[in-house]
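Okay, thanks for coming, everyone. I'd like to walk you through one fold today, so let me put it up on the screen.

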Amino acid sequence: MQYLVQMKLVPQGRPTTTVEGTAFIEQFIFPTLELCKKLLDQKKILAGGPMSGAIGLVFIVNAESARELDNLLTSLPVWSRMETDVTPLTTFEGRAETLRPTLKQLKAQTQRAV
């Protein structure tokens, strides 16, 4: 299953001094970017990247289960400082399949009304 993941830095996670900023980049940002690159190479992350103009990430994850997704997200060094939103995705074909019975029912109702 695929999931759209959006992660944004929470205000409390923002460094307030240059020393904190340096440590944040070295201990959280660079290791997270390196791990995301590995996950992209492993096809666990299918697409996405850092947000422009913000401290955040947006990507599509391929995971077999919610537990696998959770393990992947919590393994990111920056995870504890981020607010994370996850949207499960369906396929285009799956949505079309779901709508076919509804369309059939609507057509039947239309024909009866005529």
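Let me start with a quick one: which residue in β4 does Gln2 stand opposite? It's Leu89. Before I go on, some housekeeping: this is a predicted model, where local features need pLDDT of at least 70, side-chain atom pairs count only at pLDDT 80 or more, and totals for chains, interfaces and linings use all residues. Residues are numbered from 1 along each chain as its sequence is written, and side-chain values use heavy atoms, with hydrogens and water left out.

When I say helix or strand, I mean DSSP runs numbered from the N terminus: H or I of at least four residues for helices, E of at least two for strands. Two strands pair if DSSP finds at least two bridges between them.

So, the sheet. We have an open sheet of 4 strands, in the order β2-β3-β1-β4, with antiparallel pairing. β2 and β4, residues 82-89, stand at the edges with a single partner strand each, so one side of each has no neighbour in the sheet. From one strand to the next, the twist averages 10°; angles here run from 0 to 180 degrees between N-to-C directions, with axes as lines fitted to C-alpha atoms, for helices over the stretch in contact.

Now the pairs. Strand β1, residues 2-9, pairs with β4 in the antiparallel sense over 8 bridges.

Next, the helix. α1, residues 18-41, lies across β1, β2 and β3, and runs at about 150° to β2. With 24 residues, α1 reaches 33 Å from its first C-alpha to its last, close to the 34 Å expected at 1.5 Å a residue; that expected span is 1.5 Å times one less than the number of residues. There's a bend of about 35° at Ile25, meaning the angle between axes fitted to the seven residues ending there and the seven starting there. After α1 comes Lys43, with a positive phi near 65°.

Which residues of α1 are buried? Gly21, Phe24, Phe28, Thr32, Cys36 and Leu39, where buried is under 20% relative accessible area, exposed is over 50%, and partly exposed is in between, with a 1.4 Å probe and protein chains only. They pack against β1, β2, β3 and α2, residues 66-75. Take Thr32: its relative accessible area is 3%, and it touches Leu57, Leu76, Pro77 and Val78, leaving out residues up to four places away in sequence. A contact is heavy atoms within 4.5 Å.

On to the core. In soluble globular proteins, nonpolar side chains tend to be buried together. A nonpolar core here is a set of buried Ala, Val, Leu, Ile, Met, Phe, Trp, Tyr and Cys residues joined through side-chain atoms within 4.5 Å. The largest has 19 residues, and Val5, Met7, Phe59, Val61, Leu69, Leu73 and Leu76 touch the most other members. β1, α1, β3 and α2 each supply at least two residues of this core.

Last stop, Met1, in the segment before β1. Met1 is partly exposed, at 48% relative accessible area. In sequence, Met1 and Asn62 are 61 residues apart, yet C-alpha to C-alpha they sit 5.8 Å apart in space.
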